Amino acid sequence: MDTILVINAGSSSVKFQVFSIEGEGRLRRRIKGQIDGIGSRPRLRASGVNGDSMADRAYPIEAVPDVAAAMAIAGDWLRHELRIDPIAVGHRVVHGGPDYGKPVLIDHGVVARLERFIPLAPLHQPHNLSPIRSILAAFPALPQVACFDTAFHRTHSAVADHYAIPHQLHAEGVRRYGFHGLSYEYIAKSLPQIAPDIAQGRVIVAHLGSGASMCAMKSGQSVESTMGFTALDGLPMGTRPGQLDPGVVLYLMSEEGMSASKVQDFLYRECGLKGLSGVSNDMRELEASADGKAALAIDYFVHRICLNVGMLAAALQGLDAFVFTAGIGENSARIRARVSERLEWLGIALDAAENTRHSRLISRSGTLVPVYVVPTDEELMVAQHTLSLLMNRPSTNPRQERVP
Ligand code: ADP
């Protein structure tokens, strides 16, 4: 069985999925796993097609000190215990910088270019690159593909790509990139089947997970995003504040005496729903809490989504459909109802029963702007890109490059 391995490596976890290649280039998910708790309480967990557990093992902290060690354990498990020998590996890489508007086959030159973007995503890019480097060293003939969270937004116009700062900084790469691009691309590819009449129209997609952003799409292409230079901007998130006056950062440094790395840590880990509620970064816990500050955090989340919808609708000069996706967007009927109530002025009206059922179409029939719930699948997107780059390589037979 020919397979593709998809890797999504973060600072404390390595998530992986295995897809088999079926007839006509169709992909079928076979295994979903992760090693989390890297450097704290490492644990390998994996499940099969029906969610049945295939592995659940704890490791001593010193056995998995970093992402490279986690990758080695996951790789050994797949190769030696399951005899899975992928013909290619696809990686989710957060930053393609100004250079990459498409996925790319990896070689040493590409790795060197992607290393240049580490300052643009210091908390993500090094971890994304770590397994790429270790696989390149151990299996130099195995094709690897990098798929970028920024790539889908490279279609932005100059006004959407710039900040009002001197041009030199834009040339250096200080731009409004936008993130969650693999999720938006999956939605853009799914819409023609789900709603062919609006797929070519003006659509706002709300990716509401631990990280959250929204994308304005026209004819399936990104024209604006709530995120910018880093994944800190825009909507409030689990532990990130979203839009923040840069003066707050200056205040933290000058008045609170925080160093740049302290501020970075604070903004990525201590703010957002967690900071505002003082209860949790997890929407389920906030919804279950009786604490007034948890309610404030939810109110703020809804408020900022609705303000940003106004901004994106202005960018699109109207709205033909709205899509909810990711953990909160797919699962929280309450958040969807509260956001939709505040967007009635745009022509949105939910069908309460369909919303509670998490149906695909949750707006009332005949409303101006239909509202959809579409589960996202970033890993499938990575697997598809990997397969397609593999198949379109000049004069190579993927089977010949199999790992010995
Ligand atoms: P990520 O992939 O960025 O880690 P997810 O897309 O899995 O994040 O989303 C995680 C968020 O989704 C968490 O805030 C979690 O509480 C929320 N979530 C998941 N299920 C539900 C649910 N049934 N109700 C409300 N929120 C939910």
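How are helices α2 and α3 oriented to each other? In this predicted model, helix α2 spans residues 108–115 and helix α3 spans residues 125–138, and the two pack at an angle of about 165°. Angles over 145 degrees count as roughly antiparallel, and α2 and α3 are therefore roughly antiparallel to each other. Their axes are 11 Å apart, and the crossing of the pair is left-handed.

Helix α3 also packs against helix α1, which covers residues 67–81. Here the angle is about 45° and the axes are 9 Å apart. The helices α1 and α3 are therefore oblique to each other. The crossing in which α1 passes α3 is right-handed.

**The ligand and its surroundings**

The shell around the ligand holds 13 residues, and the closest are S210, D282, M283, R284 and G327. By class, the shell residues divide into three nonpolar, seven polar and three charged.

| Residue | Protein atom | Distance to a ligand oxygen atom |
|---|---|---|
| S210 | side-chain N or O | 3.1 Å |
| D282 | polar side-chain atom | 2.4 Å |
| I328 | backbone N or O | 3.3 Å |

S210 and D282 are both among the closest residues to the ligand. On its own the ligand has 580 Å² of accessible area, of which the protein covers 68%.

Which elements give two or more residues to the shell around the ligand? They are α11, residues 283–288, and α13, residues 326–331. The largest share comes from α13, which supplies four residues.

In summary, α3 packs with α2 in a roughly antiparallel arrangement and with α1 in an oblique one. At the ligand, α11 and α13 each contribute two or more residues to the shell.

Definitions and conventions: Residues are numbered from 1 along each chain as its sequence is written. This is a predicted model: local features need pLDDT of at least 70, side-chain atom pairs count only at pLDDT 80 or more; totals for chains, interfaces and linings use all residues. Side-chain values use heavy atoms; hydrogens and water are left out. A residue is near a molecule or strand if one of its heavy atoms lies within 4 Å of it. A polar contact is a pair of N or O atoms within 3.5 Å; within protein, one must be able to donate a hydrogen and the other to accept it, and residues adjacent in sequence count only if both atoms are side-chain atoms. Accessible areas come from the Shrake-Rupley method with a 1.4 Å probe; for residues, only the protein chains shown count as cover. Ala, Val, Leu, Ile, Met, Phe, Trp, Tyr, Cys and Pro count as nonpolar, Asp, Glu, Lys and Arg as charged, and the others, Gly among them, as polar. Axes are lines fitted to C-alpha atoms, for helices over the stretch in contact, and angles run from 0 to 180 degrees between N-to-C directions. Angles under 35 degrees count as roughly parallel, over 145 as roughly antiparallel, 65 to 115 as roughly perpendicular and the rest as oblique. A crossing is left-handed if the near helix is turned anticlockwise from the far one by less than a right angle, and right-handed if clockwise.
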